Amino acid sequence: MNTKPKASKAQLAEQFRSFIDPEYVITDDETLKPYECDGLAMYREMPMLVVLPETVEQVQRVMRICHENDVPVVARGAGTGLCAGAMPHKEGVVLSLAKFNRIIKIDPLGRTARLQPGVRNLAISEEAAQYGLYYGPDPSSQIACTIGGNVAENSGGVHCLKYGLTVHNILSVEMVTAEGDLITIGSDGLDSCGMDLLALITGSEGLLGVVTEVKVKLLPTPEVAQVIMAGFDSVEKGGDAVGGIISHGIIPGGLEMMDSHAIIAADDFAQAGYPRDAKALLLCEVDGTEEEVHEHIAEAEEVFRKLGATSIRTSQSEEERALLWKGRKSAFPAVGRISPDYYCMDGTIPRRHLARVLLEMEKMSDEFGLRVANVFHAGDGNLHPLILFDANVPGEFEITEEFGSKILELCVEVGGCITGEHGVGVEKIRQMAVQFNDEELQQFHDVKAAFDPTGILNPGKGVPTLKFCQEYRSIEHKQHKHEQTDAAHG
Amino acid sequence: MADMTQQLQEQVLQARQSGQKLNIVGGGTKAFMGRAADPEAGTLSLAEHTGIVEYHPVELVLTVRAGTPIKDIEAALAEEGQCLHFEPPRFGEASTIGGTLACNLSGPARPWTGSVRDQVLGIRLLNGKGEHMRFGGQVMKNVAGYDVSRLQAGAMGTLGAITEISMKVMPKPAATATLVEEMSLEDVIDYMNRRAGEPKPITGACWVDGKVYLRLSGARSAVEATAEKWSGEVMEGGDDFWQQVRDMQHEFFAGNDVPLWRFSVDSTAPNPKVEGRWFFDWAGSQRWFRGEASLGDLEPLARAAGGQVSLFRGGDRSGEVMHSQPEALKAIQRRVKNSFDPDGIFNPGRLYSWL
């Protein structure tokens, strides 16, 4: 959006305070400060003001006022996102959905939950547990992240291969449009007539509307889950073992891989008893009925053994299962202990290229002079390379970004994509030019305009301008990176 | 096995220039669906645009040209012990994967395996400007850009011609069993939902003519143990029954004289009280109804059941056949259509008269 807002901060605040509790219309720098970034704290911007409405009608009025006055609106859940998708706009309003934190209804027979967007992901499963049900997608931030944010990012987690992403687990959303209309997309049925707008909204990063209610599907909690930990003396063998399990016809509930840097860091942190000399570690969780798990665990152990596992350990109790997962789940903070800072990437690749990608990443690591540890949602090809750096060393974050950018370009080169689950936001807007051509990007802009003709919703995120892309593709972008970042947000 | 992209692209550009409209046709087995096709429009045929582009069984990913018949895809997958586990209906030998996605058609396993839309990872699409674009990809997770691929599900070609689809495929289940027992319409909705809420390997739940059919599939030991535990007789030839349901070859669907309506509703909703014959699938979420009625009369009933209704086959196809949309959603869909197909070339009026 290019138009200047037609109302000043003071005018807007006054209007908002006429219908929102004045305490929840934030204008002073000190209280605004916590909103300046999301989970990707390297990208910061102070908002003009923050509002925390308490009713859908208030959200509609905020949107109408912003629409009339060409004021950018950035919707925000818990702010745990990792792509600066919720980074404020300096001339805009942050619309926090934090007050919408109620589980409206759980229907145990129909296996659904109606939720306000500020409900935490984990709270859904906690509430549903009494009925033997749970909510499938479990991003690692699930203790804090909200369902509204999950819809915006199409969040995944470690169980995606078997249970799907957010888009596979929601039935409908209620949404306020850029113009302030309230619409329902989807229904209580499994599909609705016409083009699938629900899929389009999911993962749209707050660029198409503000979600005010979500209806999700719930799944019966599996009777049993067991995890096999298998160590391998090369990354190739680890990768082959992933393929081996799937070719065998077993779809694990979770299938995670770590490289040697991650294994050691995680084991130091969690004392999970990981094989510290292994070059690759697989955690393969099988869930289902007792008979099914029993049958599949035996088969999976056999597959791993045949494919050269140097160690195999299968959890024999819930405690042991939790311990084996603890290392993986704490891999990020564990890596945080061996480096002052780390930068988490999120590319996805076809699994058959895993060894090549890891090898090239090692080479780049030498070139850039920065270490990289890898955790990997192996079942679905989603890589999370963690680049280790020190933000206090001048220029080191810039080198880190450059390194990250090369990793993402490599993912595209082998037929993958620049983001599997974290979203584009501000962070990966440059690499959009690598994954998509101008016609495709223009189509995205046109879709956006169909929902938000004046472009007030989360401007400068998700889809780069064509002018920027042409520049990015044509010139050696290293020296011009900062100017280009500005242009991308134009 | 041919790549017809260039010819298709030229035809669209030509149509755009001459102001001609185009009906997109694959195998032609779904001509009965949607509103009647515009007789003035030309045909954009995908029937020759066939072939598997890439198939990596270990990745569980298949990329295929949109005109490829379902039967050819299934034959290739079967060689690797895999399948299209959303069970696309085959209305004939010629039914294609492109048409299946455009019409968002999935079989009895859908509530458990996901729909055709759920398996889609990426597409190539020819829009109304003749641009051949690629969205999504060949990987399970991809959140770069809007999900234009899944947007096509149910759009019935109104946004463009899907030319290529990448999708997730799955291993064939090792074993299946079908349990059948007598049950009234009043009791069966609660029963199917209760069963679906148990952590057992259920992949089918339907009811017709006073009998409920549950399908179990997965690891042999799990299927056998559940069949033992649950009520109902193990049915001989159970797989044939599910094939009939999947392809709408079951006697319930026969004949064209009585209109066939499809309700997509809350699986637990009490059934609408209306004279006619019913077939419940998807544990009560998809309900087929045969009877003379008007869309205007059935819509409030579908809405009360939390969902929507459409005239699937037969009846008057000159009026609307899909559940009506509120004004705000109509406006958005018109603008979305316009963003892909500014001259309104593709399948005019096929989905809604106003689109």
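**Entry 1: where the chains touch**

I started with the meeting of the two chains: 76 residues of chain A are in contact with 74 residues of chain B. Two residues are in contact if their C-beta atoms, placed from the backbone, lie within 7 Å. I noted which elements of chain A give two or more residues to the side that touches chain B: helix H6 (160-163), helix H7 (197-201), helix H8 (235-247), helix H10 (290-306), helix H15 (432-435) and helix H16 (438-451). Helices here are DSSP runs of H or I with at least four residues, strands are runs of E with at least two, and both are numbered from the N terminus. H16(A) gives the largest share of that side, nine residues.

I then sorted the side of chain A that touches chain B by class, and got 28 nonpolar, 30 polar and 18 charged residues. For the classes, Ala, Val, Leu, Ile, Met, Phe, Trp, Tyr, Cys and Pro count as nonpolar, Asp, Glu, Lys and Arg as charged, and the others, Gly among them, as polar.

Two reminders to myself. This is a predicted model, in which local features need pLDDT of at least 70 and side-chain atom pairs count only at pLDDT 80 or more, while totals for chains, interfaces and linings use all residues. Residues are numbered from 1 along each chain as its sequence is written, and chains are lettered from A and ligands numbered from 1 in the order in which they are written.

**Entry 2: chain A as a whole**

I looked up the secondary structure of chain A and found 18 helices and 18 strands. The radius of gyration of chain A is 23 Å, close to the 23 Å that the globule rule gives for 490 residues, so chain A is as compact as a globular protein of that length. That radius is taken over C-alpha atoms, and the globule rule is 2.2 Å times the number of residues to the power 0.38. Along its principal axes, the C-alpha trace of chain A spans about 70 × 60 × 45 Å.

Of its 490 residues, 57% count as buried. Buried means that 20 or more other C-beta atoms lie within 10 Å of the residue's own, exposed means 12 or fewer, and partly exposed is in between, with C-beta atoms placed from the backbone. I also checked contacts in chain A with a separation of 6 or more: 71% of them are between residues 24 or more positions apart.

**Entry 3: a helix and a strand in chain A**

Which residues of helix H1 (residues 9-17) of chain A are buried? I found Leu12(A), Ala13(A) and Phe16(A). They cover an arc of only 100° around the axis, so they sit on the same side of H1(A); the arc is that of the directions from the helix axis to the C-beta atoms. The cover over the buried residues of H1(A) includes strand S1 (25-26), strand S2 (49-51) and helix H3 (56-68) of chain A.

Next I went to strand S14 (residues 280-288) of chain A. Nine of its nine residues are buried, so S14(A) is largely enclosed by the rest of the structure. Ala280(A), Leu282(A), Cys284(A), Val286(A) and Gly288(A) point one way, while Leu281(A), Leu283(A), Glu285(A) and Asp287(A) point the other way.

Then I looked at its partners; two strands pair if DSSP finds at least two bridges between them. Strand S12 (residues 224-232) of chain A runs antiparallel to S14(A), joined by nine bridges, and Val224(A) stands opposite Gly288(A). Strand S13 (residues 254-259) of chain A is also antiparallel to S14(A), with six bridges, and here Leu255(A) stands opposite Cys284(A).

**Entry 4: a sheet in chain B**

I traced an open sheet of five strands in chain B, with the order S3-S4-S8-S6-S7 and antiparallel pairing. Strand S3 (52-56) and strand S7 (132-136) stand at the edges with a single partner strand each, so one side of each has no neighbour in the sheet. Inside the sheet, five bridges join S4(B) (residues 61-65) to S8(B) (residues 161-168), and Val61(B) stands opposite Lys168(B).

**Entry 5: single residues**

Ala84(A) has a phi near 60°, a positive value in a residue other than glycine. Ala84(A) is in the loop between strand S3 (73-76) and strand S4 (93-96) of chain A. Is Ala84(A) buried or exposed? With 24 C-beta neighbours inside 10 Å, Ala84(A) counts as buried.

Trp112(B) has 19 C-beta neighbours inside 10 Å, so it counts as partly exposed.
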